[in-house]
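Please examine the sequence and the structure before continuing.

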Amino acid sequence: MRYIHTCILLLISNSLIFAQTAFDKKYNLSNNKDYGLTLSENFEGGYLLIGTSRFPSNLDASFLINTNCNGDTIWTKQIDASPNIENPWAVQKTTNGYALAGEVYNDTIGVLNYYLVTVTK
């Protein structure tokens, strides 16, 4: 049992030592507080970053940043601003584009609503 733990520890430490960074990019979608929440690989080998932007007026907006495999931005989309957008999540459709879903909490009446938006390339 001790041998297994030692082998696993060596494998983990070796993979951390020899890991290389392919690219290091910073994305600034707006001059507001942007929060990247989810990252997924797309069919083209690039990445889709999903997050929210908080505006000074306390409105939130969901955003998508689509990149190529080198992290270069291909396109960005921002979805309507409203109060308290939470947990945006997206999937790539096989036909064309993405489906974005999330939650919107209404403070006034205390109701949690959901949204679903289709975004084409």
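**Overall fold.** The structure is a predicted model. Its chain contains one helix and seven strands, and from the N terminus on these elements follow the order α-β-β-β-β-β-β-β. Of the 121 residues in the chain, 28% are buried. The accessible surface amounts to about 8400 Å², and carbon and sulfur atoms account for 56% of that surface.

**Confidence.** For the chain, the mean pLDDT is 76, and 79% of the residues reach 70 or more.

| Part of the model | Mean pLDDT |
|---|---|
| Chain | 76 |
| Helix H1 (residues 2-17), lowest | 45 |
| Strand E4 (residues 73-78), highest | 88 |

Over residues 1-14, pLDDT stays under 50, and the model has zero contacts beyond four places in sequence for these residues.

**The nonpolar core.** Which residues make up the largest nonpolar core? This core has 12 residues in all: Leu48, Ile50, Leu64, Trp75, Ile79, Ile85, Ala90, Tyr98, Leu100, Val104, Tyr115 and Val119. At least two residues of this core come from each of strand E2 (47-54), strand E5 (85-92), strand E6 (98-106) and strand E7. The contribution of E6 is the most, at three residues.

**A residue in strand E2.** Leu49 is located in strand E2. Leu49 and Leu37 are 12 residues apart along the chain, and their C-alpha atoms are separated by 7.5 Å. Which residues does Leu49 touch, not counting residues up to four places away in sequence? They are Tyr27, Gly36, Thr38, Leu39, Phe63, Leu64 and Ile65. One of them, Leu64, also belongs to the largest nonpolar core.

**A surface patch.** Tyr105, Leu112 and Tyr114 make a nonpolar surface patch of about 310 Å². Tyr114 is part of strand E7 (residues 111-119). Is Tyr114 buried or exposed? Tyr114 has a relative accessible area of 61% and is therefore exposed, because exposed means over 50%.

Note on methods: Residues numbered from 1 in each chain as written. Predicted model: local features only at pLDDT ≥ 70, side-chain atom pairs only at ≥ 80, totals over all residues. Heavy atoms only, no water. Patch = residues over 30% accessible without salt bridge, like charges linked within 9 Å, V, L, I, M, F, W, Y side chains within 5 Å. Areas by Shrake-Rupley, 256 points an atom, 1.4 Å probe, with all protein chains shown as cover. Salt bridge = Lys/Arg side-chain N within 4 Å of Asp/Glu carboxyl O. Helix = DSSP H or I, 4+ residues; strand = E, 2+ residues; numbered from the N terminus. Buried < 20%, exposed > 50% of the residue type's maximum accessible area, 1.4 Å probe, protein only. Core = buried A, V, L, I, M, F, W, Y, C linked by side-chain atoms within 4.5 Å. pLDDT = per-residue confidence, 0-100. Contact = heavy atoms within 4.5 Å.
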